[in-house]
Amino acid sequence: AIDVGDGISGASVNTTTTDLAGNPRFIDGPDTTNAINTATIDLGAYEQQGVLYVDDDVVGGDGLSWANAYTDLQDALDAASNDQEIRIAEGTYLPSLERIGGDSRSVSFTLDKDLLIFGGYQNGGTDYDPETYLTILSGDIGTPADNTDNAYRPVTVDDGDDSTFHNILIDGLTITAGFADNNDGNDNHFGGGLLSRENLTLNQVSLTNNSALVGGAGFLSFGTYHITDCTFVSNTSSGFNGGGAIYLASNASLTLENSRFTDNQTSESNGDGGAIRATASATLTASNCLFQDNFAQDNGGGIFNQAIHPPVFNNCQFIVNSADGGGGIYNELSSPSLTNFSFQGNSASSRGGGILNSVSSPSLNNCSFKGNSASSSGGGIYNFSSSPSITNCSFQGNGANLGGGIFHNSTSSPSLTNCILWN
């Protein structure tokens with residue numbers, strides 16, 4: 001039973017101050033000066049943790065109410081116990097905790113325990129609407145509009161122990177202005193918005209205008225990730241590993257739902273994955289997502305899949321993405337399943353305006369390729385040593401020097417069933 005026990009009654013019958021997990025039992029006390037204490041505790045072995053509040057528009061206090069909220073998110077993170085909920089009011093919050101002593105740009109909000117973090121509250125907590133009451137975690141700690149002195153990333157989700165995983169929810173926040181450009185042997189070149197090595201759920205989160213050598217908005221490794229109703233806008237990877245918005249590292253699992261990736265890019269000549277680069281042994285699932293106006297200097301304007309577990313994509317749109325190869329998607333040693341897809345207006349300066357398959361055999365069902373183009377070969381699809389299965393798909397108005405709709409080399413054996421190719 002939650003909060004139905006007396007804190008201290010009579011002859012101090014409840015004197016144990018922590019539960020079996022080491023969390024405090026007395027969420028609102030105790031007041032040891034009174035014979036009968038007003039504090040409440042749980043009757044079980046574990047205490048349900050209360051809510052901590054953050055609002056930069058108040059004087060500041062103990063964080064236990066909106067009126068006495070912390071003004072600095074880091075104070076709430078330091079005070080939080082496992083399974084704590086933190087609510088943050090509108091405003092812009094800058095990290096202050098140095099992850100590397102003496103390096104002022106290493107400051108980051110560090111999430112290293114099980115947490116529930118919610119933004120989008122009006123100052124004072126009287127209303128909740130993340131789209132109206134913007135709650136911003138910003139890396140712009142130095143000269144405004146000069147990103148060279150920004151924090152490497154505003155958010156780090158990592159307790160330093162890769163053998164166990166915490167479960168963290170971030171909801172209703174904007175993460176912006178990280179600049180992870182320092183390849184110094186630490187992790188200061190990964191994830192301009194956030195770096196995570198835990199289990200992380202993002203809901204109603206916007207990652208915008210972040211930059212990193214690897215993973216412009218986010219570098220996701222090891223853990224299990226769920227991203228729902230999120231936006232990734234104008235993020236950049238400036239290193240050869242790419243991932244303009246997300247770099248999905250080995251052994252990580254990512255599920256995307258109802259999310260939008262627009263105007264993300266790789267700026268280095270060998271950078272792959274304008275929006276997402278997924279690498280060896282990663283797992284990627286996406287449904288009801290939009291990839292639009294993303295750009296890769298090398299391969300995969302929207303997504304670059306490289307030797308990952310077979311991805312599963314449903315009801316997604318790839319519109320006006322571009323790359324040297326695979327304007328929409330580039331598959332290398334990867335065989336995704338694509339259902340109810342639309343590829344429209346994507347382009348490649350060499351091959352595969354919509355999709356380029358290299359040693360891959362994807363399954364395509366109920367997909368539409370319209371107005372995609374490639375300067376060389378395969379305006380809709382280019383196959384190299386690949387044998388895709390294509391069913392109930394249409395190809396209209398795609399263009400290339402060779403194979404406006406589909407091009408395959410001599411070692412490819414695509415299978416087309418009930419498909420239409422027309423101008």
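**Reading the model**

Mentor: Among contacts (heavy atoms within 4.5 Å) in the protein chain between residues at least 6 apart in sequence, 75% join residues at least 24 apart. This is a predicted model, in which local features need pLDDT of at least 70, side-chain atom pairs count only at pLDDT 80 or more, and totals for chains, interfaces and linings use all residues. Residues are numbered from 1 along each chain as its sequence is written, and side-chain values use heavy atoms, with hydrogens and water left out.

Trainee: How is burial judged, and what share of the residues in the protein chain is buried?

Mentor: A residue is buried under 20% relative accessible area, exposed over 50%, and partly exposed in between, with a 1.4 Å probe and protein chains only. Of the 423 residues in the protein chain, 53% are buried. Strand 8 (residues 135-138) is covered on both faces: Thr135 and Leu137 lie on one side, Ile136 and Ser138 on the other, and all are buried.

Trainee: Which strands pair with strand 8?

Mentor: Two strands pair if DSSP finds at least two bridges between them. Strand 5 (residues 91-93) pairs with strand 8 in the parallel sense over three bridges, and glycine 91 stands opposite threonine 135. Strand 8 is also joined by three bridges to strand 11 (residues 174-176), again running parallel; there, serine 138 stands opposite threonine 176.

Trainee: Which strands pair with strand 36?

Mentor: Strand 36 (residues 347-351) pairs with strand 32 (residues 322-325) in the parallel sense over three bridges, with alanine 348 as the bridge partner of alanine 323. Three bridges also join strand 36 to strand 40 (residues 373-377), and these two run parallel. In that pairing, arginine 351 stands opposite serine 377.

Trainee: What is a nonpolar core, and which residues have the most contacts inside the largest one?

Mentor: A nonpolar core is a set of buried Ala, Val, Leu, Ile, Met, Phe, Trp, Tyr and Cys residues joined through side-chain atoms within 4.5 Å. The largest has 72 residues, and Ile86 and Leu111 have the most contacts inside it. Strand 7 (residues 115-121) gives the most to this core, with four residues. Apart from it lies another core of seven residues, among them Phe190, Leu195, Phe219 and Tyr247.

Trainee: Why does isoleucine 390 count as buried, and what does it touch?

Mentor: Isoleucine 390, in strand 42 (residues 389-391), counts as buried because its relative accessibility is 0%. Leaving out residues up to four places away in sequence, isoleucine 390 touches Leu364, Ile381, Phe395, Ile406, Ser415, Leu416, Thr417 and Cys419. Isoleucine 390 and proline 362 are 28 residues apart in sequence, with their C-alpha atoms 8.3 Å apart in space.

Trainee: Where is asparagine 251?

Mentor: Asparagine 251 is in the loop between strand 21 (246-248) and strand 22 (253-257). Its C-alpha atom is separated by 7.3 Å from that of threonine 283, 32 residues apart along the chain. Neighbours within four places in sequence aside, asparagine 251 is in contact with Phe222, Gly223, Ala280, Ser281 and Ala282.
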